[in-house]
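User: I would like to learn how to read single residues, a ligand shell and a pocket in a model. Can you take me through them in turn?

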Amino acid sequence: MTAVQGKVAVVTGAGSGIGRALAVELARRGARLALSDMNGASLAQTAALVSAEVSGAQIHTQQLDVSDLEGFGNYADAVVQHYGVVHQLYNNAGIGGGRTILDSDFRIFERTLAVNLWGVIYGTKWFLPHIIKSGDGHVINVSSLNGYMAQKELAAYCTSKFGVRGFTETLAIEMRAGKHPVGVTVVHPGGVHTNIATASLEMASEFGIEVTERDRRRVQIYNEKLLRMDPAQAANIIIDGVEANKARVRVGNDAKLVDLIVRIFPSTYGRVLALMERLTMGKS
Ligand SMILES: NC(=O)c1ccc[n+]([C@@H]2O[C@H](COP(=O)([O-])OP(=O)(O)OC[C@H]3O[C@@H](n4cnc5c(N)ncnc54)[C@H](O)[C@@H]3O)[C@@H](O)[C@H]2O)c1
């Protein structure tokens, strides 16, 4: 029996990227799945993929926007009713993108915080009593390397991911202090080859914000040069970390390198990173 086998694991944002890969790997390791995503069609594709990969996998699916407070509460009730118990929650759903603070539209800040930070808070709050009751629970919140490194033109994203880190580390302290049977892990991925950068352009278009040639080029560079790790590898690293009950999981050498740079240059890392960015992305 591993920390995953036989457990009921909830994964948000399971329709793409890291969430989809988590769903597949959790099923392989014998978890029973509760998968959700805002996008019902891609969620159904994930469920089909899991069923094809793992015969007999138990999968509950439901469309969910994690920024919907009441909807998330109803969803938690539905999962508990379906399985009778919930052990693990992977708060993974997230969105990226951004401009400088001067140029950012308020709606991008509001939406990014609503999904990336409030979504994590809602999920944790609604599921935590059930996870405690399971007697062997775990909350896994996906932050980013931007949870410890600020970066220009990513203010909303950095704000949300620093927030996820603070929230999750507080949860860990409280679970330990209260002697609750709940492991807590904050995950800091570096670049993973997913749809996140491209989706940020789609979000801007949905808000009627002009997508410039520079925006498109930036996303292209992200996709080609920075978001490199296979999501399946990221999922393996994350779930290995959960099975080892790690408080903090950095995914990829880029996440580890940036962590080191921020520790060595706590107040001037921005300049070091700007130089690295110029070398990677050219002048922008
Ligand atoms: N890909 C990376 O390089 C990277 C790096 C650091 C952190 N992360 C984090 O990993 C997580 C997963 O991102 P990904 O890279 O797999 O991106 P992705 O765009 O491939 O997948 C994100 C999924 O979340 C869903 N989603 C978006 N908004 C939602 C909402 N309001 N409610 C429910 N579902 C919603 C999308 O439909 C999509 O299926 C995010 O929290 C992201 O910030 C990713």
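This is a predicted model: local features need pLDDT of at least 70, side-chain atom pairs count only at pLDDT 80 or more; totals for chains, interfaces and linings use all residues.

User: Which side chains does Arg29 contact?

Analyst: Look for pairs of N or O atoms within 3.5 Å. The side chains of Arg29 and Asn236 are joined by a polar contact of 2.7 Å. A further polar contact, of 3.0 Å, links the side chains of Arg29 and Glu243.

User: How far is Lys125 from Val50 in sequence and in space?

Analyst: Read both separations together. Lys125 and Val50 are 75 residues apart along the sequence, and their C-alpha atoms are 28 Å apart.

User: How is Asn39 classed by accessible area?

Analyst: There is a class between the two cut-offs. Asn39 is partly exposed, because its relative accessible area is 41% and that class runs between 20% and 50%. The side chain of Asn39 also has a polar atom 3.1 Å from the backbone nitrogen of Ser42.

User: Why does Thr194 count as buried?

Analyst: Thr194 is buried because its relative accessible area is 19%. Thr194 is placed in the loop between E6 and helix H6 (196-206). A polar atom of the Thr194 side chain lies 3.2 Å from the backbone nitrogen of Ile196.

User: Now the ligand. Which residues come nearest to the ligand?

Analyst: Begin with the shell, then pick out the nearest members. The ligand has 29 residues around it, and Ser16, Asp37, Tyr157, Val192 and Thr194 come nearest. By class, the shell has 13 nonpolar, twelve polar and four charged residues.

User: Which polar atoms lie by the oxygen and nitrogen atoms of the ligand?

Analyst: Take the distances one by one. An N or O atom in the side chain of Asp37 is 2.6 Å from a ligand oxygen. A polar backbone atom of Leu64 is 3.5 Å from a ligand nitrogen. For Arg111, a polar side-chain atom lies 3.4 Å from a nitrogen of the ligand.

User: How much of the ligand does the protein bury?

Analyst: Compare the ligand alone with the ligand in place. Taken alone, the ligand exposes 830 Å², and the protein buries 94% of that. Helix H1 (17-28), helix H4 (106-133) and helix H5 (155-177) are the elements that give two or more residues to the shell.

User: What lines the second largest pocket?

Analyst: Read volume, then lining, then elements. The second largest pocket holds about 170 Å³ of space. Its lining includes Ala3, Lys7, Gln88, Asp136, His138 and Asn245. Four residues of that lining are nonpolar, six polar and two charged. Strand E5 (137-142) and strand E6 (182-189) supply at least two lining residues each.

Key. Residues are numbered from 1 along each chain as its sequence is written. Side-chain values use heavy atoms; hydrogens and water are left out. On a 1 Å grid over the protein atoms alone, a cavity is a set of points where a 1.4 Å probe fits but cannot get out, and a pocket is an open set with protein on both sides within 12 Å along at least five of seven lines; lining residues have an atom within 4 Å of a point. Grid points are joined across faces, edges and corners, and a volume is the space filled by probe spheres set on the points. Helices (H or I, at least four residues) and strands (E, at least two) are DSSP runs, numbered from the N terminus. Ala, Val, Leu, Ile, Met, Phe, Trp, Tyr, Cys and Pro count as nonpolar, Asp, Glu, Lys and Arg as charged, and the others, Gly among them, as polar. A residue is near a molecule or strand if one of its heavy atoms lies within 4 Å of it. A polar contact is a pair of N or O atoms within 3.5 Å; within protein, one must be able to donate a hydrogen and the other to accept it, and residues adjacent in sequence count only if both atoms are side-chain atoms. Accessible areas come from the Shrake-Rupley method with a 1.4 Å probe; for residues, only the protein chains shown count as cover. Buried means under 20% relative accessible area, exposed over 50%, partly exposed in between (1.4 Å probe, protein chains only).
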